[in-house]
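Hi everyone, thanks for coming. I'd like to walk you through one structure this morning, so let me put it up on the screen.

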Amino acid sequence: MNTPTILIADDDPDIVRLLAESFQDEGFVTIEAHNGKEAMEKALDPSLSLILLDIMMPEMDGLDVCRKIRNVVNIPILFLSAKDRELDRIIGLEVGADDYILKPFSISELIARVRAHLRRENRYISAAKTIHSGNLVINKDTFEVFHHDKRIDLSTKEFQILLYLAENANRVLSREQIYNAIWGETEYGDINTVTVHIKNLRSKLEHDKHYIKTVWGIGYKFVGDMQ
């Protein structure tokens, strides 16, 4: 497997240096950015495996960077932020981030979460198959979803959630099950992340949001005949 390359974008040079050294010690290749404009330019590097993105940066904040690159960059984006309100986390996820990590954080935990995201990314890439349900087509080879022959732009985590639900069609899955399957151990994150991503998925499916049904008090299920 190729050595993973991570973009570290933060306006604090001490944080960038610490993260770069820590990830390099673990065998990662790192690319650095110190403001939003630089982060946006470097985020388009095709060698990248994952992006660590601060929110409060000069020239362009991390939310705008994520919003602008999400439809063209299909790799995990993790926000690093001291903004700890639930609303801030929800906004971060709604603009397309795959995870939201609060500062200050443990370096070892951050590395573990990055590895978990990359493992799941590799798992979905390696399982090559196309799934059909009605007018919905999920291509696991290309990470693309088509609805009525129109391509739907999904973030990595939105794609993985949709695929996980579709592979377990007509089975009710709790938010905890979905979180564990996509993000990993619940101790590292917020289960409400699932709710935000499901909301975004339904919005992008527009009139056919019925594919994902809420089973109140339990979780969600994908409703459809899989082919």
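Before we look around, one definition: I'll call a residue buried when its relative accessible area is under 20%, counting protein chains only. And please keep in mind that this is a predicted model.

With that cut-off in hand, take Trp183: its relative accessibility is 6%, so Trp183 counts as buried. We'll come back to that residue in a few minutes.

Let's start with the sheet. Which order do its strands take? Reading across, we have β2-β1-β3-β4-β5, five strands in an open sheet with parallel pairing. At the edges are β2, residues 29-33, and β5, residues 99-102; each has a single partner strand, so one side of each has no neighbour in the sheet. From one strand to the next, the twist averages 20°.

Now zoom in on one pairing. Strand β3, residues 50-54, and strand β4, residues 77-81, are joined in the parallel sense over four bridges. If you look at Leu53, its bridge partner in β4 is Phe79.

What packs on this sheet? Helix α1, residues 13-25, does, and it touches β1, β2, β3 and β4. The direction of α1 makes about 170° with that of β2. Then there is helix α4, residues 86-94, which lies across β4 and β5 and runs at about 145° to β5.

On to the aromatics. How many aromatic pairs does the structure hold? There are five, and I'll show you two of them.

One is Phe143 with Phe159: the ring centres are 4.7 Å apart and the planes are at 15°, so this pair is stacked. Phe143 sits in the loop between β7 and β8, while Phe159 belongs to helix α6, so the pair ties together parts that are 16 residues apart in sequence. Both partners fall under our cut-off: Phe143 is buried at 11% relative accessibility, and Phe159 is buried at 1%.

The other brings us back to Trp183, as promised. Its ring and that of Tyr179 have centres 5.1 Å apart and planes at 15°, so this pair is stacked too. Tyr179 has a relative accessibility of 1% and counts as buried, and you'll remember that Trp183 is buried at 6%.

Asn168 is in the loop between α6 and β10. Is it buried or exposed? At 17% relative accessibility, Asn168 counts as buried. Its side chain makes a polar contact with the side chain of Arg171, at 3.0 Å.

Technical notes: Residues are numbered from 1 along each chain as its sequence is written. This is a predicted model: local features need pLDDT of at least 70, side-chain atom pairs count only at pLDDT 80 or more; totals for chains, interfaces and linings use all residues. Side-chain values use heavy atoms; hydrogens and water are left out. Two strands pair if DSSP finds at least two bridges between them. Helices (H or I, at least four residues) and strands (E, at least two) are DSSP runs, numbered from the N terminus. Axes are lines fitted to C-alpha atoms, for helices over the stretch in contact, and angles run from 0 to 180 degrees between N-to-C directions. Contact means heavy atoms within 4.5 Å. Buried means under 20% relative accessible area, exposed over 50%, partly exposed in between (1.4 Å probe, protein chains only). A polar contact is a pair of N or O atoms within 3.5 Å; within protein, one must be able to donate a hydrogen and the other to accept it, and residues adjacent in sequence count only if both atoms are side-chain atoms. Rings of Phe, Tyr and Trp (its six-membered ring) pair if their centres lie within 6.5 Å; planes under 30 degrees apart count as stacked, over 60 as edge-to-face and the rest as tilted.
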